[in-house]
Each structure stands twice: as C-alpha cells, then as structure tokens.
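This briefing covers a few local features of the structure shown below. The points are grouped by topic.

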Amino acid sequence: MQLDVHRYARDTCVVLAVLGELDLAGAPRLRQSVVSETATGIRHLVLDLTAVDFIDSTGLGVVVGALRRLRAHDAELSVVCPEQRIRRVFEMCDLDRVFTLHETVDDAVSAWESV
Amino acid sequence: MGVGVSSNARPVGSVELAVPPMPEYLQFVRAIVGATAALDDRLQPGRVADVRLVVSEAATNAIRAQAAIQVTTPILVRCDLTGDRIVVEVADHGPGFDPSAVPALPEVETPERLRHESGLGVSLMRQLADSVELESGSDGTVVKLTFVVADA
C-alpha cells in the first residue's frame, strides 16, 4: 500500500492529510508534497497524521524536515496526531517537545489563528 | 517456515527472510516479523508494535547502508522465538560503521537537534528492545535485538 497525501485548504491554511505507513518507502512522497506547498508561499501547513498507520524515525525525519523548510520560508507547521500509538513514537524521540501534537485539524487551525 | 510447537504448546523456531534491499519491502518485513513475534502469546500487544518499529529501524539502516555503496544483495532478516526471548536479527552487506561513533543527540531545545533525525533510529532501538547488539565491519553489519518475554 502506497502512502497517500490528500491536500485541501482550510481557512487560510493548507492541510496535508497523510494516509498509510510513513517509512523510508512513503517518506519521499510526503517530502515532495511539503516541498511543493512551501514553494507556493503558504503561511501555515497542517500535517494531519490521523490516518497514518505506522511511523518510524524516517517518517519523523520528514516531519522535522518539513518544520525546518517551512520556518526557512517564514511559515509554520502544525501536526495533528490523535492516535496514541503514533504520538508515542514522537514522545520516545522527545519530539513532542518540538511540536504541539493536536487532536484535530480544527484545533491546529484555531491555535494558529488565535496567535 | 521452521516453527514448531514445544511441549508447553508455545511456539519455538525461527523465520528467515532474504529481502531485496528496497524500501518497498519494509512494510512486508514489519508484517512478517510482527506476526511471528505475535505467535508468542506472552508478548503483550503493545510490544508487538515495538518489534515492528525496531525491525523497521534496523532494516531501514540496512537498506540505506547497501544503497550507499550500490550493493543489491538481499538483506537478511530473522526472527527467532526461543523459550524466554524473541530475537530479531538484521544483516546487511553495507560498508559498516563504528557503533561507538554514533553521536549523542543534542538537547531537544537546540536547533542542532533538528538535524539529527538519523540518530533517532538507534535511540528507538535501544529504548524498545531489551538489548541491542551491533557488529559491524567492512563487509557489513549485523544488528541483533532481543525482547525478553516474561514467563506466564
């Protein structure tokens, strides 16, 4: 099963909903989507990992890489990750201290809009 | 497949896979090794996920190592069910590395931390497996990860 990325707009944000297993095989697909979105000059990208079944350090690396790329373009990244089994992998790498892991896309969008 | 049933009706034996060193096969490796580990019903459901994550990390390193020097021989993945432990082994024919030279991760708050996602794989293996043994030389690397199964 190939990793899928569905892109849609929410208010002034772009959401990338990721489906499938985020590993060395799936990472390039997500990386490319982030590169494309960054090039359009967006201010806020939401990575929705709700439908991600599996993530390892390679997948985490793409999320971290997305944060760096967006910040280099003066934009922000939010991560939606309600599933504890995925959240746990962020926590084991202390990345829950680098990212706020939101429960829903709504939460991520309102958190950014309220700043 | 080489898995037999012991006198305690607890599976023992091993599964060995020779897998093309391509990322597309990681999902397959996780599925087979996870299913093998799950045969031991003493292993809590949460730990099966740990086995899948750990083998994904080790197999990813193996694929990357071989890709770096364009070696296309299969990587070997093995899952052994013994009386009191599950042992996952991944062997590659990459260029090898010095395990003691893997740098410590910088503090989370520093910008440097964001550049160290490659060290995360080894960190995860060490957090999740009960022991990690790394043997590496110029002809390749073998990683052996042990999950101790508490006796019922």
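In which helix of chain B is B:S56 found? The answer is α2 of chain B. The model is predicted, and the values below are computed from it.

**B:S56 and its surroundings**

- B:S56 has a relative accessible area of 1%, so it counts as buried, the cut-off being under 20%.
- Its side chain makes a polar contact with the side chain of A:D56, at 2.8 Å.
- Apart from neighbours within four places in sequence, B:S56 is in contact with A:F54 and A:D56 in chain A, and with B:L26 and B:R30 in chain B.

**Helix α3 of chain B**

- Helix α3 of chain B covers residues 120–128.
- Its buried residues are B:L120, B:G121, B:V122, B:L124, B:M125 and B:L128.
- In chain A, these buried residues pack against α2 (57–72) and α3 (84–92).
- In chain B, they pack against α2 (45–68), β5 (131–137) and β6 (140–148).
- In an α-helix, residues three or four places apart point the same way, because there are 3.6 residues a turn.

**B:V87 in strand β4 of chain B**

- B:V87 lies in strand β4 of chain B, which runs over residues 85–92.
- This valine is buried because its relative accessible area is 10%, under the 20% cut-off.
- Leaving out neighbours within four places in sequence, B:V87 is in contact with B:R78, B:C79 and B:D80, and also with B:K144, B:L145 and B:T146.
- B:V87 and B:G46 are 41 residues apart along the chain, and their C-alpha atoms are separated by 17 Å.

**Positive phi in chain A**

- Most residues other than glycine have a negative phi.
- A:D74 has a positive phi, near 60°, and is not a glycine.
- A:D74 is located in the loop between α2 and β4 (76–80) of chain A.
- With a relative accessible area of 62%, A:D74 is exposed.
- A:D94 also has a positive phi near 60° in a residue other than glycine.
- The loop that holds A:D94 is the one between α3 and β5 (101–102) of chain A.
- A:D94 is partly exposed, its relative accessible area being 29%.

How values were computed: Residues are numbered from 1 along each chain as its sequence is written. Chains are lettered from A and ligands numbered from 1 in the order in which they are written. This is a predicted model: local features need pLDDT of at least 70, side-chain atom pairs count only at pLDDT 80 or more; totals for chains, interfaces and linings use all residues. Side-chain values use heavy atoms; hydrogens and water are left out. Buried means under 20% relative accessible area, exposed over 50%, partly exposed in between (1.4 Å probe, protein chains only). Helices (H or I, at least four residues) and strands (E, at least two) are DSSP runs, numbered from the N terminus. Contact means heavy atoms within 4.5 Å. A polar contact is a pair of N or O atoms within 3.5 Å; within protein, one must be able to donate a hydrogen and the other to accept it, and residues adjacent in sequence count only if both atoms are side-chain atoms.
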